[in-house]
Amino acid sequence: MSEPTFLVLTALAKEPMHGYAIMRTIRALSQGRTALPVGTLYGVLDRLVEEGLAERDREEIHQGRLRRYYRLTEDGYLALAEETRRLAANVRAATTALKARDLRPSPAGGAE
Amino acid sequence: MTGLERRYRLLLRVLPRWYRSEREEEMVATFLTDRAASAGGNLGLENAWPGWGEVWAVLTLAARTRLAAKGVRRAAAIGDAVRLTALLGLLVQSAVVVGSDTSLLVALAVLPRSYSLEVLDLTATSWVASVVAMAVVPAFAALATGRRTAARRLALVALLPGLYQAGASLVRGEPVVESLAIVAGQTALWLAVACLYIGFHRDAPPPRDRPWLRAFIPVAGAAVLHGVLIALYLAALLERPWAVEFVPSWALPLMTGYSLPAGWAVVVAGLVVLATRRRGTAWGVALAVTTLPVVVQQAWTFAVYAGKQPYPITTAYAASAATLLAAALAVGAACAVTAARGLSRLDAPLRPAT
């Protein structure tokens with residue numbers, strides 16, 4: 001699973017969101033490191049909907065513009081859980097390797 | 001509507017109509033809200049442009065939707081055609097390189113060393129170019145076995161010798177027509193590499209490797225035989241000229257290059273597709289497109305030799321180029337008509353797969 005796909009799934013895991021809210025959430029989740037272009041975001045959403053991991057929720061008109069909300073399906077939650085387990089196992093392995101050299105990951109990124 | 005919105009909507013026109021009818025308003029709203037939030041309001045958006053990152057993302061989305069892997073039947077058929085064109089093109093170019101390098105090695109083996117280097121015009125640069133051009137073979141193998149990224153990198157490497165030759169010709173102050181001739185000779189490779197890049201996007205299915213790898217064996221075998229034939233002809237020409245007097249003049253162009261057998265192979269493949277009609281629309285489009293570089297190359301060859309003194313050899317070159325040109329035009333046009341009929345039957349739906 002690519003990082004943009006993982007981040008979109010993570011953003012949608014909390015609640016149904018429209019495109020801009022997903023972009024804003026991803027920027028916050030990644031502490032500003034990842035800013036998805038709109039073209040990439042909709043490519044990811046297309047794929048998630050095609051694979052049955054997300055679906056359309058509702059539509060609103062906000063300040064004269066269309067907002068379409070998306071939500072995760074049960075399969076989407078399962079896929080996110082599986083990917084999270086995989087990444088967590090990787091993080092554990094890396095943390096163990098770093099500990100052997102007396103390094104530990106800092107909460108702000110990098111190592112101390 | 002701000003200038004930025006106008007420009008973004010213009011950019012979105014690279015997306016297919018069915019996709020825009022579903023997504024355009026949503027994408028515009030998301031894009032403008034994000035830009036306004038970044039800019040602290042709508043001020044300054046009149047003269048702003050979508051960034052390069054956004055342009056690239058929309059172009060990538062256009063490739064994915066216009067050359068779909070599944071879902072929209074028309075887009076999937078065009079996507080399959082582009083992917084077939086890449087595979088066919090890399091297969092033919094692999095054969096050309098295998099034949100070319102075979103003839104070089106055989107010629108080196110059979111010609112006396114004293115003048116083989118001079119006759120074959122071998123320099124350190126041409127050796128390196130011959131080796132680098134071989135990258136198209138592993139590029140084809142990588143693509144056929146589903147290694148898309150490796151195939152893309154290797155295919156780019158395979159373009160380097162042609163680019164170098166064209167550039168070096170310009171630097172040496174030779175007429176621009178010489179560089180153009182080199183580029184015209186590489187049209188098929190450029191087309192295949194372009195199709196590889198745009199057709200095998202992230203969502204594209206990998207090709208079924210077995211049929212393509214199986215096809216490579218006879219094609220490469222024929223290229224090796226042809227390469228050996230060319231080298232032996234060259235050796236006979238230099239050492240036993242009487243022997244080559246028996247070679248009919250129409251066969252002479254076959255003894256000096258690879259574009260003719262490669263071109264005829266494409267024409268025969270087109271005839272098979274037309275005769276069987278079982279391969280579907282994608283094959284028709286792919287063969288119609290694949291005949292284009294053959295047409296360009298043979299038209300160029302014909303133009304060059306038709307203007308020369310009418311010696312038997314130049315007449316033979318012009319005649320062989322004209323024959324292949326006519327055959328490629330006829331088969332390409334027939335494939336295009338078949339493909340257009342097939343595509344018109346695949347109605348583009350108004351909604352995307354989502």
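Reply: A salt bridge here is a side-chain nitrogen of Lys or Arg within 4 Å of a carboxyl oxygen of Asp or Glu. Side chains of opposite charge can pair when their charged atoms come close. The model is predicted, and over all its chains it holds 20 salt bridges.

Start with a pair that involves both chains. A:R65 forms a salt bridge with B:E5, and the closest N and O atoms are 2.6 Å apart. A:R65 belongs to strand β3 (residues 65–72) of chain A, while B:E5 belongs to helix α1 (residues 3–12) of chain B, so this pair joins two chains. B:E5, with a relative accessible area of 5%, is buried.

B:E5 also takes part in a salt bridge with B:R9, at 3.0 Å from N to O. B:E5 and B:R9 are four residues apart in helix α1 of chain B, so about one helical turn separates them. Both B:E5 and B:R9 are buried.

Another pair lies within a helix of chain B. The side chains of B:E26 and B:R23 meet in a salt bridge, with 3.2 Å from N to O. Here the residues are three apart in helix α2 (residues 17–39) of chain B, which means that about one helical turn lies between B:E26 and B:R23. B:E26 is buried, at a relative accessible area of 1%, and B:R23 is buried too, at 0%.

B:R23 and B:E26 also belong to a network of salt bridges. From chain A, this network includes A:D46, A:R56, A:E59 and A:R68. From chain B, it includes B:E22 and B:R64 along with B:R23 and B:E26.

To put the pieces together: B:E5 pairs with A:R65 of chain A and with B:R9 of chain B. B:R23 and B:E26 pair with each other and are linked with residues of chain A and chain B in the network.

Note on methods:
Residues are numbered from 1 along each chain as its sequence is written. Chains are lettered from A and ligands numbered from 1 in the order in which they are written. This is a predicted model: local features need pLDDT of at least 70, side-chain atom pairs count only at pLDDT 80 or more; totals for chains, interfaces and linings use all residues. Side-chain values use heavy atoms; hydrogens and water are left out. Buried means under 20% relative accessible area, exposed over 50%, partly exposed in between (1.4 Å probe, protein chains only).
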